[in-house]
Amino acid sequence: MISFTMLLLLFVINYVESGRRLIGFNFKSSSPTGHKQCLKMCIAYAECLSVNFSRNRLLCELNSQHETETDQVTENTSETEDFIYIPRISFSKHIDVQAEMCNNVTCPIGKMCVRHSPNKTSCVIARCIQPMPQPYIGSSAELQVDLSAFTGNRKGGNVGENVYFTCPPETVVMGSPTIKCLANGQWETRPRCQVCLEASDPSGARYWGTKSVTSTGKTCQSWSLQSPHGHSYSEYTGNYCRNNRNDNPKPWCYTTNPSVRWESCDIPNC
């Protein structure tokens with residue numbers, strides 16, 4: 001038989017808080033068996049200040065922020081209709097906070113409290129809290145790239161999670177568009193991007209990258225040299241693929257192979 005207290009709690013969950021969700025601060029999602037387990041998960045993280053819980057989806061979202069004057073909870077939209085929002089300060093209305101051992105354990109940011117037995121807990125690494133490293137820009141002069149548009153450095157990630165990143169303008173992803181957060185709390189590697197050909201410049205007349213191998217893998221000859229191939233392109237520097245005169249369908253270069261005068265370079269489109 002359901003007690004009066006339980007009925008009151010269900011009323012609070014279904015009516016007072018129904019259709020409310022704090023959006024934009026979720027750092028971890030899971031599928032608990034109920035909202036109480038969701039709250040207990042939040043308690044284990046020092047950075048968890050509130051939760052969003054969906055009864056229909058059994059989805060728990062841990063938030064690194066609570067509702068403030070500037071960060072308002074979203075209400076009564078298609079994104080919030082089956083969610084309840086619970087700030088950490090009110091957890092005691094839903095569970096016996098003092099009975100949770102992890103409530104008395106303060107783990108460093110990025111670690112979570114794990115209960116091993118009735119009398120033993122420990123803090124284990126749970127997140128990569130450092131910003132994702134700035135990308136390696138293949139075939140480019142990195143200082144010419146506007147790295148402020150690199151989205152990967154704006155969020156951390158959970159251990160084992162593959163976090164998506166977006167390359168800066170005029171560059172595209174090299175390989176996978178995600179970087180994994182490792183068990184030691186470090187990022188697996190640097191994101192990899194490369195300079196590309198914009199739609200408005202398909203021939204690469206404005207290409208400024210530093211790719212220096214042809215599409216078949218031959219090394220480009222330095223433009224300052226006249227051997228093994230003589231030429232009149234004195235305005236170019238380094239041994240980078242170029243097409244500033246727009247005299248070829250794609251960026252190209254002379255090769256260091258005496259038997260192959262020049263070849264085009266394989267530059268991806270943006």
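**Exercises on a predicted model**

Leaving aside neighbours within four places in sequence, Trp223 is in contact (heavy atoms within 4.5 Å) with His231, Tyr233, Tyr236, Thr237, Gly238, Asn239, Tyr240, Arg242, Trp252, Cys253 and Tyr254. This is a predicted model, where local features need pLDDT of at least 70, side-chain atom pairs count only at pLDDT 80 or more, and totals for chains, interfaces and linings use all residues. Residues are numbered from 1 along each chain as its sequence is written, and side-chain values use heavy atoms, with hydrogens and water left out.

**Exercise 1.** Find which residues touch the most other members of the largest nonpolar core.

*Solution.* Start with the term: a nonpolar core is a set of buried (under 20% relative accessible area, 1.4 Å probe, protein chains only) Ala, Val, Leu, Ile, Met, Phe, Trp, Tyr and Cys residues joined through side-chain atoms within 4.5 Å. Next, look among the 24 residues of the largest core: Trp187 and Trp223 touch the most other members. Then check the strands (DSSP runs of E, at least two residues, numbered from the N terminus): β15 and β16 each supply at least two residues of this core. Of these, β16 gives the most, with 3 residues.

**Exercise 2.** Locate Asn76 and decide whether Asn76 is buried or exposed.

*Solution.* First, find the loop between β5 (74-75) and β6 (83-87), where Asn76 sits. Next, read the backbone: phi of Asn76 is positive, about 55°, although Asn76 is not a glycine. Most residues other than glycine have a negative phi. Finally, Asn76 counts as exposed (over 50%) because its relative accessibility is 66%.

Definitions and conventions: Helices (H or I, at least four residues) and strands (E, at least two) are DSSP runs, numbered from the N terminus.
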